[in-house]
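Here is a short report on one protein model. Look over the sequence and the structure before reading on.

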Amino acid sequence: GITSIGLKTVSVKEGYEQVKVTYEKILEVGKTERVFVIQGSHAPSAALENLPIDFIEKIHITQKQKTIILDGITSEKGLSVFKNMTLRELQSHYGRLTVVYVLPDKYLDFDAEIFVFQNSVIIIQPVAGKSLIIQDMNTARALKMLIEFMKQHAEKVDLNAYINELIKKTN
């Protein structure tokens with residue numbers, strides 16, 4: 001990885017197997033820990049297209065068991081992905097501790113999911129099949145502050161209520 005003064009490590013992973021390993025790294029946080037997220041508008045559909053449903057379900061089960069809190073920003077397009085999900089996919093997403101804020105698509109027009117937790121930043125590009133892992137306190141802190149700013153200008157959505165309504169329509 002790249003190292004410089006103040007920047008601990010940067011590593012790049014390529015290919016979907018490595019992307020899956022990177023998603024699993026996020027789940028290494030402690031119980032009830034908060035993971036901050038910025039989700040580009042192209043990322044949710046690309047992740048669903050490129051990652052097996054069994055893998056996504058495994059991630060969700062672990063998130064629920066460890067009561068990891070995802071606290072983040074998505075786009076209108078990102079939220080609309082749920083409308084095209086199968087009942088199985090909706091049930092997998094339902095019940096996670098997730099705080100969601102929605103911004104207009106034009107502000108999140110990119111292929112990446114940015115996860116910030118502890119002193120780490122993980123950027124996953126589902127379309128490209130790449131991920132970047134940055135271990136640096138200052139970078140993590142800066143992104144957490146940007147996320148807090150973005151939340152002030154976004155609409156809060158009760159994701160579980162939203163998914164529950166979609167489940168009712170599917171049944």
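Which residue takes a positive phi in the hairpin of β6 and β7? The residue is G129, with a phi near 70°. The model is a predicted one.

Strand β6 covers residues 120-125 and pairs with β5, residues 113-117. The two run antiparallel, joined by five bridges. One of the bridge pairs links E113 to I124 in β6. Two residues lie between these strands. In this hairpin Q118 takes a positive phi, near 50°.

Strand β6 also pairs with β7, residues 130-135. Six bridges join them, and again the strands run antiparallel. Here V121 has I134 of β7 as its bridge partner. The hairpin of β6 and β7 has four residues between the strands.

## Helix α3

Helix α3 spans residues 53-65, which makes 13 residues. From first C-alpha to last, α3 reaches 18 Å. That is close to the 18 Å expected at 1.5 Å a residue. Just after α3 comes T67, with a positive phi of about 45°.

## What covers α3

Which residues of α3 are buried? They are F55, I56, E57, I59, H60 and Q63. Buried here means under 20% relative accessible area.

Conventions: Residues numbered from 1 in each chain as written. Predicted model: local features only at pLDDT ≥ 70, side-chain atom pairs only at ≥ 80, totals over all residues. Heavy atoms only, no water. Expected span 1.5 Å × (residues − 1). Buried < 20%, exposed > 50% of the residue type's maximum accessible area, 1.4 Å probe, protein only. Pairing = 2+ DSSP bridges.
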